[in-house]
Every structure is written in structure tokens, then in C-alpha cells.
Amino acid sequence: MDTIQNGVVVSLTYTLKLQNGEVIDFSEADDPLEYLHGADNIIPGLERELTGLKIGDSKEVHVEAVDGYGEYDPEEVEDVERKLLPRDMELRLGMVLAIRDEEGHLNEAYVRAITPDSVQLDFNHPLAGQALYFSVQVVGLRDATVEEVEHGHPHGIELDEEFEDDEFDDEMDFEFDFEDDEEFDDDEYEDDVEGDA
Ligand code: ZN
């Protein structure tokens, strides 16, 4: 295996810029990004352009929002009554909350506004609507193990389970039911909020 293809664990260094040139993320040679190609570990517009590259290759990749973190969707913003959140939760503008939906999946939401009575949560990815400009270099390739292919992600030495829920160290994790964007029935919802952070 000499080139990037499905089933290969790829190590990359990269710089990610927005259209205005602002660098918003990077990974250097001492701590490269490791991902499993073909397993949706990275955004589709980047993964597609990396197929076929070899170790040492560099590439500039321009990814439109639709192939990145998606278009910004105003419908993904929810106003939540403050009393439905755990009482001892400290809220700050811009903080990320991990919110478990009815199927048990964790969704990240950003706190966009806080009033005495309500909190506005934005479920859009912070990079939704943005065109992304990557400069990447391939620094490592290896075949994935059977277990890695089964799990759909690499098992790095220090990055254990990077793509699992555990990555939200700093974040609050609580359950919250949103019901069809309708107004909340207080009595019904009071018992559903379980802060376990
Ligand atoms: Zn795993």
C-alpha cells in the first residue's frame, strides 16, 4: 500500500484557513492528524482529494461548505428555558454543550445567547457555511488493523478513541428532549433533565 485508499490509516500535517486567510486549525509533524481513509473520519471534501496521494505529497485543498461542515441552517437554533437546564450549570457565551437526544446520540451545541429566562443553543457546527482552505502533507501511511476497520477509526498510541464521545472533556453532558420545536410543557420536561456532568 503506497497510496491513500480505503482501509489505510493516514497521518497528515495540515493548516486550515478560512476564506479571509485566518488560520483556525493546524497539526504539525510531532502531532499529526491520524484518520482511517474511507470511514468518514474527516470531511468528505477533504477525504476525496487525498485519495491516491503518497507519503511526502503536499496538496492545497479547497472545500466548499456543502462538502465541509454543511451550510448554516437557521432552523438549528433553539431557545431553551433556563429552568430546564441543570441548576448548577455555569453557562458562558460560546461554550459547547453536549446534548443527548432521544436516540442517545450526543449533539454539540454552542451557547449563542443567555437571558435570565432562556438560553439560545446553536446546533450548527461552528464551521457551517464556511469555505475551507487546507494545506496538507502526507507524513505516514499504514494498513489499518482488522479491529480499526471494524471500529471505523484508528487506534493511535496517544489518541485513544479520539472520535468517541469521551472527547468532550470540558463540556457539559446532559440529556434533553426537544420535541418538534414546539413549546415545552414544563411538567413533562422537568424530570427529563439529568445533569451528569
Ligand atoms: Zn475503537
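For the names I use, helices (H or I, at least four residues) and strands (E, at least two) are DSSP runs, numbered from the N terminus.

A note to myself before going on: this is a predicted model, where local features need pLDDT of at least 70, side-chain atom pairs count only at pLDDT 80 or more, and totals for chains, interfaces and linings use all residues. Residues are numbered from 1 along each chain as its sequence is written.

**Overall layout**

I counted the elements next: the protein has three helices and 11 strands. From the N terminus on, I read them as β-β-β-α-β-β-β-β-β-β-α-β-α-β.

**Partners of β1**

I then asked which strands pair with β1, where two strands pair if DSSP finds at least two bridges between them. β2 (residues 23-27) is joined to β1 by four bridges, and the two run antiparallel. In β2, I found V23 as the bridge partner of K17 and F26 as the bridge partner of T15. β3 is also antiparallel to β1, again with four bridges, and here S11 stands opposite E34. Between β1 and β9 I found 11 bridges, and these strands run antiparallel too. V8 stands opposite D143 in β9.

**Buried or exposed?**

I looked up the cut-offs: a residue is buried if 20 or more other C-beta atoms lie within 10 Å of its own, exposed if 12 or fewer, and partly exposed in between, with C-beta atoms placed from the backbone. Of the 197 residues in the protein, 17% are buried.

**The cores**

A nonpolar core is a set of buried Ala, Val, Leu, Ile, Met, Phe, Trp, Tyr and Cys residues joined through C-beta atoms within 7 Å. The largest one here has 17 residues, and V10 and F134 have the most contacts inside it. I checked who supplies this core: β1 (8-18), β3 (33-36), α1 (44-50) and β9 (132-143) each give at least two residues. β1 gives the most, with six residues. Apart from this core lies another, of six residues, including L85, I99, V119 and L121.

What is F134 in contact with, leaving aside its neighbours within four places in sequence? I found Y14, L16, L46, V61 and V63. Two residues are in contact if their C-beta atoms, placed from the backbone, lie within 7 Å.

**A loop residue, E64**

E64 lies in the loop between β4 (58-63) and β5 (77-81). Why is E64 called exposed? I called E64 exposed because 11 other C-beta atoms lie within 10 Å. Not counting residues up to four places away in sequence, E64 touches G45 and A131. I also compared E64 with Q130: they are 66 residues apart in sequence and 7.1 Å apart in space, C-alpha to C-alpha.

Last, I looked at pLDDT, the predictor's confidence in each residue, from 0 to 100. The protein averages 83, and 79% of the residues score at least 70. Among the elements, β4 has the highest mean pLDDT (98) and helix α3 (residues 186-190) the lowest (38). Over residues 158-197 the pLDDT is below 50, although this stretch has 48 contacts in the model beyond near neighbours in sequence. Where pLDDT is low, the predicted coordinates should not be read in detail.
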